[in-house]
Structures are given as structure tokens and as C-alpha cells.
Amino acid sequence: MGNVLTIILQRLLLGVLTLLIVSVVIFTAVNLLPGDFAQNILGQGATPDAVASIRRDLGLDQPPITRYFDWLGGVLRGDLGTSFAQANFASFTGTDSGATTVAAQIAPRFANTMFLAMVTAAIAVPFSIILGILAALYRNTVFDRATNIFTLSSISSPEFFLAYILILFLAVLNPIFPSLSNIFEGMAFSERLEKSMLPALTLTLVVTAHMMRMTRAAIINLLASPYIEMARLKGLSPMRVIVKHALPNALAPIINVIALNLAYLITGVVVVEVVFVYPGIGQLFVDSVKIRDIPVVQACCLIFAAAYILLNLTADILSILSNPRLRHPK
Amino acid sequence: MIIWILATLVGMGALAWGFRFAGQAATGNAPKFRDMPFGVAYGYVLGAVVLLWLGWAYLQGRSADPLVANKFFFLRIAIEGFIIFAIAAWLFRILGRSVGTAWTKKMFRSMPLTASFGILTILIYAILAIFAPAIAPYGQEQIIPGVAANITPGGDPALGGSPDFPLGTDQIGRDILSRLIYGAQNTVGIAFATTLLAFLLGGTFGFLAATLGGWLDQVLSRLVDVLMAIPSLIFALLLMTIASVWAPELGIPLTVFMVLIIAVIDSTRVYRLARAVGQNIVVMDYIEAAKLRGEGLGYLVFKEILPNATAPLLAEFGLRFCFVFLTIAALSFLGVGIQPPLADWGTMVRDLGGFVNYAQFAPMAATAPLLAAGAIALLTVAVNFVVDWMLHKSSGLKE
């Protein structure tokens, strides 16, 4: 067991290291911008004195390495800086109430995005596993081929196409769900669920194909093994053979793919949130990109990268835990 | 609503049981019906119900009452489109089996319908993209004088259309049909160029890392690891923010920056594959022999490794193209990709997307954004079908 712990610790350290390097990349990229924050805030009519004083207040006159560690230290304390678009004079003199900080903007939206991702996962994971089992059970039939074509089409369509198709059929022609997801704080859970149903269904369509195909392939791979043959010869029904004998052994690759797809979900939300005007972190990111609100872009980027690395790490660790051969490396 | 769905499901269960029982009775307990699991019987009934419902919906779409017809208009178009495409793909496969060299004939003979549909679609897109200026009735940026903006598609003057503009005009009076055709040139052309660049970068460095090994391999691989740790769409958006500040200062169009950024981000994936494939080839005896002959690095990479790595790289090219194409479409849809006045499908969907909400009353008005989005979807689906078939063929997977 100690062996497993060392491996997991190693992976965790590697993940933290990756995150650190990624933060350096993001910081460097942002510092490639021409001009600096101070000039951008003050605009064209800035006097050199004013620019210099804001630079001093923000620490922009420091060398890049000092600034990087200041930023990193701030991030670790939960202080992501001051949003550009919300900035006013007060926020630079320290008399601000705190509503314009990046952290205050991101926190509620981050919760919304996590809610959407969880609703999607709750629909997509059981759906795709059941579909995968059925496709493996009735392999090479019309059902298998139809599922294959359907999932391949849905995964290769752009997210906004699927979103508009769903809006067309489920919101406009048959008003079942609302097409705008205007979610606010203090909303009842059921209403919230109803409003985020269409974005969740769109994301489900996007991630189902991969998980379903992996489930099908993992099960079919095992069907040639001797113990499956034994179970068949015992006279078990095909459904029982697959669910009781093949599925437990196929779980490792399936869990891995689920974790990877959840990682994809975190980034796939960007386009979907924009289509449905869902107040999540993806929409904030796109809006900030358009108005070049650098501190927010930087912070969102870091959060997305962290979530992505964390979920990939989880996939990695789960696949080690579920495979005895990796658990005891030679 | 939910009660109705449940009742239908239970009812179908009863039907399935009855179907199996009737089958057993009618065929004198033939093995097909005797050993049929309940799930299979249920599947038959489900398929029949879905087919019946589609037929009913199609008839509804053709009904004279405009309110009912509007509601099923899109389903009708989808069914008609599906049938037309299926027939076209089938005819194309027959054509391919009888015309061409022996090699292509053999290829078409073993081809599934999905793959022939994919090849046909890719050919149509290629023709549209290459001959766009000759096919399109108007220019992509042309604001036709004296023509109203927002003419509804359909060409029926009673519904706000115009026979001169079969797909209507957009918000500033440009012909949508022409912009769709030019979109094939711009969107597909830019995506294709980006993929080529990504392959050039990733392939070159991947093969170099595989052949030379050592510190070069280490440095490149760790660099790629870091770049791959950031989700690609997010990284592209971050870099596009920075590029959008630089572009006007340097006087270079933003689209050039986009091509470079996406090519670099995607070349990391190509690098991984090229390196892995290259490493398997480098240990072969014929490489050793070539090295002993005293061949140089260029000969090794281009004459020995590249020809042996073509098959996996070609399949990867198709998939990579889809990813690049979708990324560019997503960026354009978000407003930071291909810049106006170039006609581009992603931008068109964003500009016209609001019309989907009028589908209940004027179904034609909603078709314009769906056509642009559908054009993207159709091409990626087609490429995926072809790649799927190629992979299936080369892997020899039978079950």
C-alpha cells in the first residue's frame, strides 16, 4: 500500500509543478502585451506623473520576476487582482469596498459553471454507459450502427450547432425548456435545474460519443477472454455476461475516459455558455477577452488550466489504482 | 407529459411481448422467435414506432395548415435531406465502382455507405471552395445597392423574400447564399492551411526528436507537455487577446495571427504522434542499414521514416483538420476568429443566430443561421466518417 501512496504523491507533485509552469506561461504571455496597465487605464490624455504613480501603486515598476511572485502570492491568498473593466479610481487607492476585485466577480460564476458541469455529468455518464453496454450487447446490428452514426455526428458537430438545434426543437417549436439560462442567486433548485437543462443537454451530446464508444470497445475487447466463454457456456444470458462478468473488468478504461471527458466539459462550457447566456465563468472569460480585461483573462485561464490538470491527474491516479499491474511496478 | 412517455414505454413493452408471442405462434416456434430475448423484441417495436412517428411527422410537415406545417417544417427538411444524401451517396458508390482505375474500383467495392457519403461531401466542398468566385452570384463583401437588409430566405415575396436572393440578405444587405459559398473558401481554406502548418511544425520536430533523441528530444517533449497542459480553446483565446492588441500595431491582419496560434497549439498533438510513430520506425533494421551506409539526416527522415509513417499521419490529418476547423469556427463564433468583412460560417451563425427564435411563425427566417452551422457540421461529420472507415480498414478490426 505504501507503494501506491508514493506513486500518488509523485503524481500530485508533478501536477503542482505543471501548474506552476503553466502559471509562468500565462504570466509571460500576458506580459507580451504592448504598453502596460497604467497607460491603458488612464487612456490617451495621461500625464507622465499620473502614469508613474499608478505604476508605483500597482508595482508595475518592479522587474517581471518580482511581479510574477507578487501575482502568484496573491493567487495563493485568493487575491486575483483588480478587474480592469470594473476598475475605478477608488480601487487603486485602497479605499474600495472590494466588489471590483477579480475574485468577487469570478466566485459566483465559478459556482454556476460547476453546477452546470455536475448536471451534465449526472445525465451524460449513466446515459453513455447504458448506451455503450447496449451497443456491445447488440454489436453489429442496426442498433449498434445507428448509435455509432448518431454519436459520431454529435461529437463532430460544433457545440453551437447542437445548441441551436436543441433551442429550435425544445424551446421554440415545442416550448419545454427556456432558451435563455438567466440564473441568479437565491433561485429555487428545480427552477435552476430547468433553466440549465438545455445547456446541459447540449454538453451531454458533445461528451456522450467518446464515453459510449470507449465503454463499447472496452467490453468487446474482453468478450474473447476465456472466463467470458466459461460464463456463456454456463448458460448465462448475454446481458448477465456483460453486466456481471465483463463490465467490472472493463471499468478501468471507462473511468479514465469519464474523467478525461469531465476535463473536456470544463473547457467545452465556454461556447455553450455564450449561446445560452448562462452566467458562468466561460462567458465572463469571453467577455473579458473581447474588452481585453487582462487580470480577469489571466485568472480565468489559470482556473481552467487548474481544473483541467486536476481532472487529468484524477484520471491518471484512478487508472493506476484500478490496474494491479501499474500498482506494483517492477 | 412524463406520464404519457411512461405509458408509451410500458405500452411498447406489451407490444413487444405480443410481437414475440405472435411470431412464435405464426412460425411454429422457429428458433429466431423462440430464442429472442425480450430486449431484442422491444428494439424491433421501438424501431417500428420511431419509423411510424417519423412518417407521421413528415406528413404533418406537408399539411396545408401553416401552423402545423411550420412546426414540423425542420423535421421534414431533415428527413428529405437525409434521404437525398443517402441516395446520392449510394449513386456515388455505384459510380465509383464502375468508373476509374482498378484500385479505386476495388476501394469503392468494400466501402460502407457512410464513407462514400463522406467522400462525396468533401468533393462538393472542395469544388465550392475552389470555384467560389465563379459560382457565387454576388461578391462576399458586396452590399448591393437598393436592396433591403434582412430579406427572408425562401424567395417567396409574400413571406418577405425575394426571388433574386434565394437565401435572403443579412443585416446589412449582403447576399447570404454568396457568403455561404465564399465561407467554404475562407473557413475551409484557412482551416486547411492551419492544419498543413501544424503538420509541418509538429511532423518535422517529432521526427527530429525521434531520430536524434538526447537533449533535443527531452527539451521539445517537456515543452510540448507544458503546452498540452493548458486546454487548447482557452489557450487560443488567451493568445488571441494578446494578438488582437499587437495586430493593429504591427499592421498584420488578426487572421494571420490566428492561423499561427492555432497551428502552434495543434502542432503539439502532431508532435506527440510523429515522435511515437518515428521512434517505432527508428529501431528498425533498415534504418540501421541506412545509417551504416552513411546516409545523412535528411535522407533518413524523408526517404526512410516519412514513407513508413504516412498511413497513421494521414488518418491523424483528417482528425486534426476537424479539430482545427471546429476551433476556428468556435473562435469566429465567439467573435475573435476570422474577422469581417471576410465571409465565414462561425461569424454568420453569431450574427444571424437570433432568427432561430422566429421559427414558430416564419420557419424560413430560421434557416439561415442553421445552414451556416450545418455547413460546418456536415463537413466535420463527413471527414470523420471517412477517417473512421480508413482506421477500421487499416486496423483490420472485425468485431
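**Exercise 1. Find what share of the contacts in chain B with a separation of 6 or more comes from residues 24 or more positions apart, then describe the chain.**

Start with the contacts. In this predicted model, 65% of the chain B contacts with a separation of 6 or more join residues 24 or more positions apart.
Next, the secondary structure. Chain B has 16 helices and zero strands.
Then the extent. The C-alpha trace of chain B spans about 75 × 70 × 45 Å along its principal axes.
Now burial. Of the 399 residues in chain B, 38% are buried.
Last, confidence. Chain B has a mean pLDDT of 84, with 95% of its residues at 70 or more.

**Exercise 2. Work out which helices of chain B supply at least two residues each to the side that touches chain A, and how that side divides by residue type.**

Count the partners. The contact involves 47 residues of chain B and 42 residues of chain A.
Assign them to helices. In chain B, α3 (38–61), α4 (66–98), α10 (232–250), α14 (310–334) and α16 (363–395) each give at least two residues to this side.
Sort by type. The chain B side holds 32 nonpolar, 11 polar and four charged residues.
Check the predictor's scores. The complex has an ipTM of 0.85 and a pTM of 0.85.

**Exercise 3. Describe how α8(A) and α12(A) pack.**

Recall what is needed. Two packed helices are described by the angle between their axes and the distance between the axes.
Take the geometry. Helix α8 (residues 159–173) of chain A packs on α12(A) at about 35°, and the axes are 9 Å apart.
The crossing of α8(A) and α12(A) is right-handed.
List the residues. From α8(A) come A:Glu159, A:Phe160 and A:Ala163; they meet A:Gly268, A:Val271, A:Val272, A:Val275 and A:Phe276 of α12(A).
Sort them. This contact has six nonpolar residues, one polar and one charged.

**Exercise 4. Locate A:Asn140 and A:Val277, and decide whether each is exposed or partly exposed.**

Take A:Asn140. This residue is not a glycine, yet its phi is positive, about 60°.
A:Asn140 counts as exposed because it has 11 C-beta neighbours inside 10 Å, and the cut-off for exposed is 12 or fewer.

Take A:Val277. Its phi is also positive, near 50°, in a residue other than glycine.
A:Val277 has 14 C-beta neighbours inside 10 Å, so it counts as partly exposed.

Technical notes:
Residues are numbered from 1 along each chain as its sequence is written. Chains are lettered from A and ligands numbered from 1 in the order in which they are written. This is a predicted model: local features need pLDDT of at least 70, side-chain atom pairs count only at pLDDT 80 or more; totals for chains, interfaces and linings use all residues. Two residues are in contact if their C-beta atoms, placed from the backbone, lie within 7 Å. Helices (H or I, at least four residues) and strands (E, at least two) are DSSP runs, numbered from the N terminus. Ala, Val, Leu, Ile, Met, Phe, Trp, Tyr, Cys and Pro count as nonpolar, Asp, Glu, Lys and Arg as charged, and the others, Gly among them, as polar. A residue is buried if 20 or more other C-beta atoms lie within 10 Å of its own, exposed if 12 or fewer, and partly exposed in between; C-beta atoms are placed from the backbone. pLDDT is the predictor's confidence in each residue, from 0 to 100. Axes are lines fitted to C-alpha atoms, for helices over the stretch in contact, and angles run from 0 to 180 degrees between N-to-C directions. A crossing is left-handed if the near helix is turned anticlockwise from the far one by less than a right angle, and right-handed if clockwise.
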